[in-house]
Amino acid sequence: MTTFNVRAVKLRPGEQFRDVRSVDLGPLDLGGQRYVPIPESPEAVITLTQTSSGLVLELELEVRMVGPCVRCLADAGVSLHVKSQEYQATSPGESDELTTPYLVEHRLDLSAWAHDAVALALPDKILCRDDCAGLCPVCGLDLNREPHEHEGEVSDPRWAALADLKDQL
Ligand SMILES: [Zn+2]
Ligand SMILES: [Zn+2]
C-alpha cells in the first residue's frame, strides 16, 4: 500500500506541490475475471494545490491492465490514462462532499485512490479485439479460429412452439 503524508508538505493558499510516486496497484476484478496492472506500481503524478478553503488533490497515471478476453479468454488488455481529482476542505463540517475518503489523519492512501480511479476508467468489458467472435456456446471451440455453426441446435422460440404443437397432435 502506498501512502503519502500530506502534512509533510507545507502549502500556503495559492501554492502547489507536485511529485511523482510509484503507486502499488493491486489486481482488479471485472466481470468475474481478474486483470493485473503493468507495471505493477505505475508512476503517478500527484498534485496538491492549497486554496483558501481547502486542498485540491490530483492524481494522474498511465497503466495497462491485462487479463483474459471476456468472450474467448485469450490474452487481452487495455491501456488507460487515468486522471482523478479529490477535495478536502479545511473545515468540512458535516458534509461528506467536502472531504476525500482517501485522506485519513493526513495520510493519503494513494493505492486505494489509484485502484478506484483505474476501476472507473475501465471499459465495460475487455476484449482481445472489438469484433471477437467468442467461444461456441455449444462445443466451446474458439469461433475466431474455427468459425462454425451447429445444425439442429437453433434455439428459436418459434421452433419450440412448433414442437409443442406437434406433441399435441
Ligand atoms: Zn476474444
Ligand atoms: Zn461449436
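Hello everyone, and a quick word on conventions. Residues are numbered from 1 along each chain as its sequence is written, while chains are lettered from A and ligands numbered from 1 in the order in which they are written. Because this is a predicted model, local features need pLDDT of at least 70 and side-chain atom pairs count only at pLDDT 80 or more, with totals for chains, interfaces and linings using all residues, and side-chain values use heavy atoms, leaving out hydrogens and water.

Let's start with the metal. Which residues are the protein donors of the zinc ion, ligand 2? They are C136 and C139, each through SG, and H148 and H150, each through NE2, at 1.9 to 2.2 Å from the ion. A donor here is an N, O or S atom within 2.8 Å of the metal (3.2 Å for Na, K and Ca), and since water is not among the atoms, sites may look incomplete. The angles among the 4 donor atoms run from 103 to 116 degrees, and the site is tetrahedral; for four donors, that word asks for all angles between 85 and 135 degrees.

Along the sequence, the donor residues follow the spacing C-x2-C-x8-H-x1-H. C136 and H150 both sit in the loop between α1 (110–121) and α2 (157–168), so this pair ties together parts that are 14 residues apart in sequence. Helices here are DSSP runs of H or I with at least four residues, and strands are runs of E with at least two, numbered from the N terminus.

Are these two buried or partly exposed? C136 is buried at 6% relative accessibility, whereas H150 is partly exposed at 28%. The cut-offs are under 20% relative accessible area for buried, over 50% for exposed and partly exposed in between, with a 1.4 Å probe and protein chains only.

Now for the rings. Y102 and W113 have ring centres 6.0 Å apart and planes at 15 degrees, so they are stacked. Rings of Phe, Tyr and Trp (its six-membered ring) pair with centres within 6.5 Å; planes under 30 degrees apart are stacked, over 60 edge-to-face, and the rest tilted. Y102 belongs to the loop between β7 (75–89) and β8 (103–104), and W113 to helix α1. Both are buried, Y102 at 13% and W113 at 1%.

Finally, T100 is also in the loop between β7 and β8, and is buried at 3%. Leaving aside residues up to four places away in sequence, T100 touches L57, E86, Y87 and Q88, where contact means heavy atoms within 4.5 Å.

Key:
Tetrahedral: all angles 85-135°; square planar, octahedral: opposite > 155°, others 65-115°.
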